[in-house]
Amino acid sequence: MRKRISAKFTREDEDEAKAASDIDDVPDSGKPRLGDCNAISIHIKESQEFKSTVDKLMKKANVSNMVSTSSWREQFLEAVTVSSEQPGDENDLEEDIEAEEKLPSCLDYIMHFLTLFWKLLFACVPPTDYCGGWACFYVSVIGIGFLTAIIGDVASSFGCTIGLKDSITAISFVALGTSVPDTFASKVAAVNDRYADSSIGNVTGSNAVNVFLGIGIAWTIAAIYHASHGNKFYVNPGDLAMSVTVFCVMALLAIAIMMLRRLPVVGGELGGPTKLKYATAVVMIIFWLNYLVISSLVTYCYIPGF
């Protein structure tokens, strides 16, 4: 980057300059002299080493300071660029800064080309600097709604094709499909954010929206519709009681595990020592499988429900 700066140099009054010369008694050869040029050209060159250091410091900062974009050009460039993930601990910050930039691995290239369509699709969302971020928010919500509806219909069709009951399809394929955006959002927050609030809050907030708004609004509209036609709105609970009971039990156990992870041996809800980190992940997956298996056995009448 080059910038031309013009500066104007003025000469002091001759009498004042002469008096200052007599007092200082400085030899003429040592005096600063004003030349014929009255402009100066300054060349500022970007330091790649300093830029790399700043980028690495930004990666350690709060994720909320890194998600903003200013133009569609920036978003599309980021979408088509293959980048490598560099997970690390804050204690290794100095080592990360001194280390060379890590090149993308083979897995990074594979994941990039597999997700390129979705990256380009999401790059069409208005940048966060437009309209104070509201344009990005509304377009994102609408886009997620459409994608969730498509994924839900595809999952339902798949379950119908292979002969699964609607209740099992709902808690397995449909639930997986509609939870994919939440999963990736929690993953990004867990990797980049300093605290676990964003990743865990995203999960609990998503479930709150599903329960209070997803079910509440739909049932309210249905109740108003049936009432306007003189009918009573009634939904057969089916296996809902057993399914919700098993879910609540597994959720309480998951909360208990997160509380235990606050002990000094682990230090927090997320991360921690490698063995405990993977052990917690395995236990959470087992909870989900238990929920699926028990709910399926009740649905197919292998065990009695209530």
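Student: Which residues does Arg261 touch, and what makes them contacts?

Tutor: In this predicted model, leaving out residues up to four places away in sequence, Arg261 touches Val266, Gly267, Gly268, Glu269, Leu270, Gly271, Gly272, Leu276, Lys277 and Thr280. They are called contacts because heavy atoms lie within 4.5 Å.

Student: Where is Arg261 found?

Tutor: Arg261 belongs to the loop between helix 10 and helix 11.

Student: Is Arg261 called buried or exposed, and why?

Tutor: The relative accessibility of Arg261 is 6%. Buried means under 20%, so Arg261 counts as buried.

Student: What makes Ser295 buried?

Tutor: The relative accessible area of Ser295 is 5%. The cut-off for buried is under 20%, and therefore Ser295 is buried. Ser295 is found in helix 11, which spans residues 274–299. Apart from neighbours within four places in sequence, Ser295 is in contact with Ile168, Ile171 and Ser243.

Student: Why is Ala170 called neither buried nor exposed, but partly exposed?

Tutor: Ala170 has a relative accessible area of 40%. Buried requires under 20% and exposed requires over 50%; Ala170 is therefore partly exposed. The place of Ala170 is in helix 8. The C-alpha atom of Ala170 is separated by 8.8 Å from that of Gly159, with the two residues 11 apart along the chain.

Student: Which residues form the largest nonpolar core, and what makes it a core?

Tutor: The core has nine residues: Ile168, Ile171, Met242, Val246, Met250, Phe287, Tyr291, Leu292 and Val298. It is called a nonpolar core because such a set consists of buried residues of listed kinds, among them Ile, Met and Phe, joined through side-chain atoms within 4.5 Å.

Student: Which helices supply this core?

Tutor: At least two residues each come from helix 8 (166–192), helix 10 (240–260) and helix 11. Helix 11 gives the most, with four residues.

Student: Which residues make the nonpolar surface patch, and why may Phe76 belong to a patch?

Tutor: Trp72, Phe76, Leu77, Val80, Leu120 and Tyr130 make a nonpolar surface patch of about 480 Å². Phe76 has 32% relative accessibility. Phe76 lies in helix 3, and helix 3 (residues 72–80) gives the largest share of the patch, four residues.

Student: How many helices and strands are there, and in what order do they run?

Tutor: The chain has 11 helices and two strands. From the N terminus on, they run β-α-β-α-α-α-α-α-α-α-α-α-α.

Methods. Residues numbered from 1 in each chain as written. Predicted model: local features only at pLDDT ≥ 70, side-chain atom pairs only at ≥ 80, totals over all residues. Heavy atoms only, no water. Patch = residues over 30% accessible without salt bridge, like charges linked within 9 Å, V, L, I, M, F, W, Y side chains within 5 Å. Areas by Shrake-Rupley, 256 points an atom, 1.4 Å probe, with all protein chains shown as cover. Salt bridge = Lys/Arg side-chain N within 4 Å of Asp/Glu carboxyl O. Buried < 20%, exposed > 50% of the residue type's maximum accessible area, 1.4 Å probe, protein only.
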